[in-house]
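Trainee: I would like to go through the ring pairs, the nonpolar core and the cavities of a model. Please start with the terms.

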Amino acid sequence: MDQPAGDESTARYTGSRFLSPIADTVGLRIDQFNFLVTETLALIFAMCFRHFLPPKSNNTLPRHLVDKILSILASLLGIALCHFCYGSQIWHIIVQSSVVYLILYSVHPKHSHLVVFVFCMAYLSAVHIYRIIYDYGNSTIDISASLMINTQKLTALAFAFYDGYRSTQRARRRRPDEDDEHTALNEDQEKQKIIDIPKPIEYLSYIFYFQGICVGPLCFFKDYCDFIEGRNLLVIPTSGTIDKSNDEQYQLSQIKQPSIFWPVFTKILQCSMWGYIFLAYAPYYPLEYNLSQEIINSSFFKRVWILVISIFCFRVKYYCAFILSEAVNNAAGLGFNGFDKNGIPRWDLLTNVKPLQIELGTSLKVVLDVWNIQTALWLRRVCYDRLPKGRTLGVFVISAFWMPRSKPWYHQPWNDHGSTNSSSPSSSTMSTPVNFIPINLRLLLKFTNLTSLNLSSTDVKNPCIDMIIDSLQNFVVLNEMNVLEKKYKKEFFVQ
């Protein structure tokens, strides 16, 4: 009996299948349904965390513990949610984090950040390449996204520890300005630096905190410690007692903590809106529709219109995931970024995307500034601010190696129950080419001329659209080759 296509697409999924009957009833794949359940549970846990363990000077340790290890019976919340969503693949995060912790202890601080960076990027690349070879073209949710966030956490932590080492070494010099070996920290590095290696409970809590274990967004270690100890709220002293003789401290202690209701409510509302658009319209405007003969033979304006709509429907799923993850963090109190000049609380510390600015962006620069914001900040802190030359190129190269090489990040097969047919007799001998140069780095080089166009003063004519269509065509051809390869391998083993 032929196996349904929907089951084939999730055959390699290692997460829990306990809720498969409910997922089938709802009409979602089990990996997608598990992701929504995980984020919903994280949202509930976050509200409980905020309500029952508000920041106080005498419960810093319990807050670290309850975030990961409320009790032996409840186990680790973050690990439990991650294991529910990804199954045995959670070992990738455990192994990567454990090795990095050993590196921080065993390698001299002068070099540990570089060793950690090389190891983390190599480990992440190995996972990406493994998926290319054994699971190419599959859109099933796996550990890759969490491992990418974990790589950001670990490398940022290592560089912050190196900045603390630099700061300590300069302080020991009689004339710090003459210390050429340990350059001065900039304002941001001074704020994010870490003097000591985190204690094991702090490290585990930071790696596996349930609010961001599955999809992030990235939270830097210093910001996370401020959240745990209550310093991010700027209202309750984190050590000692309140000295009423100190008017400033006493006044801060009387300030009411900002409410999480409005930021969480508005973001859940946004998430619901983007989720509805994705479910209602994405199936009718798949990217493959741009390659149909109907669209190719259509007028230029219709081709542009379909291209814009289909790519918009492709983006909204990321809007939904990013905003939902931010809401979960805000529900626990993580993400508060002080007050603006009008005294209104700001909850944008972990903002990862601004959909309205993206959709109304007037240039590529504007779009890049409001898309994957935390990743851009990570690239600036670990690369751009540290390279003496070639900063922009370094950022693009690191970004290219950090991103997956597998096609689901560029081409999402919306119609999971469809099939791909090909009449080429030679396709049976074809195998998916494995190019160890990241595909997005090659695309970056390919589209240099296109993306450098000044769209405000340049007429975008058919050749530009043809370049985009040609790229999409190449993606589909590679996918067809992969489908055929799997088909003939399956027939070979059956025989």
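Mentor: Rings of Phe, Tyr and Trp (its six-membered ring) pair if their centres lie within 6.5 Å; planes under 30 degrees apart count as stacked, over 60 as edge-to-face and the rest as tilted. This is a predicted model, in which local features need pLDDT of at least 70 and side-chain atom pairs count only at pLDDT 80 or more, while totals for chains, interfaces and linings use all residues. Residues are numbered from 1 along each chain as its sequence is written, and side-chain values use heavy atoms, with hydrogens and water left out.

Trainee: Which kind of pair do F45 and F210 form?

Mentor: The ring centres of F45 and F210 are 6.1 Å apart. Their planes stand at 90°, so the pair is edge-to-face.

Trainee: Is F210 buried or exposed?

Mentor: Buried means under 20% relative accessible area, exposed over 50%, and partly exposed in between (1.4 Å probe, protein chains only). F45 has 28%, so F45 is partly exposed. F210 has a relative accessible area of 2%, so F210 is buried.

Trainee: Which residue lies over the face of Y206?

Mentor: A charge sits over a ring if NZ of Lys or CZ of Arg is within 6 Å of the ring centre and within 35 degrees of the ring normal. Y206 belongs to a cluster linked by ring pairs, which also includes F45 and F210. At 5.5 Å from the ring centre of Y206 lies K153.

Trainee: How many residues has the largest nonpolar core?

Mentor: A nonpolar core is a set of buried Ala, Val, Leu, Ile, Met, Phe, Trp, Tyr and Cys residues joined through side-chain atoms within 4.5 Å. Those with the most contacts inside the largest core are I93, L104, Y224 and W378. The number of residues in this core is 72.

Trainee: Which residues lie nearest the centre of the largest cavity?

Mentor: On a 1 Å grid over the protein atoms alone, a cavity is a set of points where a 1.4 Å probe fits but cannot get out; lining residues have an atom within 4 Å of a point. The largest cavity is lined by 14 residues. Nearest its centre lie A156, A160, Q192, R381 and R386.

Technical notes. 1 Å grid on protein atoms, 1.4 Å probe; cavity = no way out; pocket = protein on both sides within 12 Å on 5 of 7 lines; lining within 4 Å.
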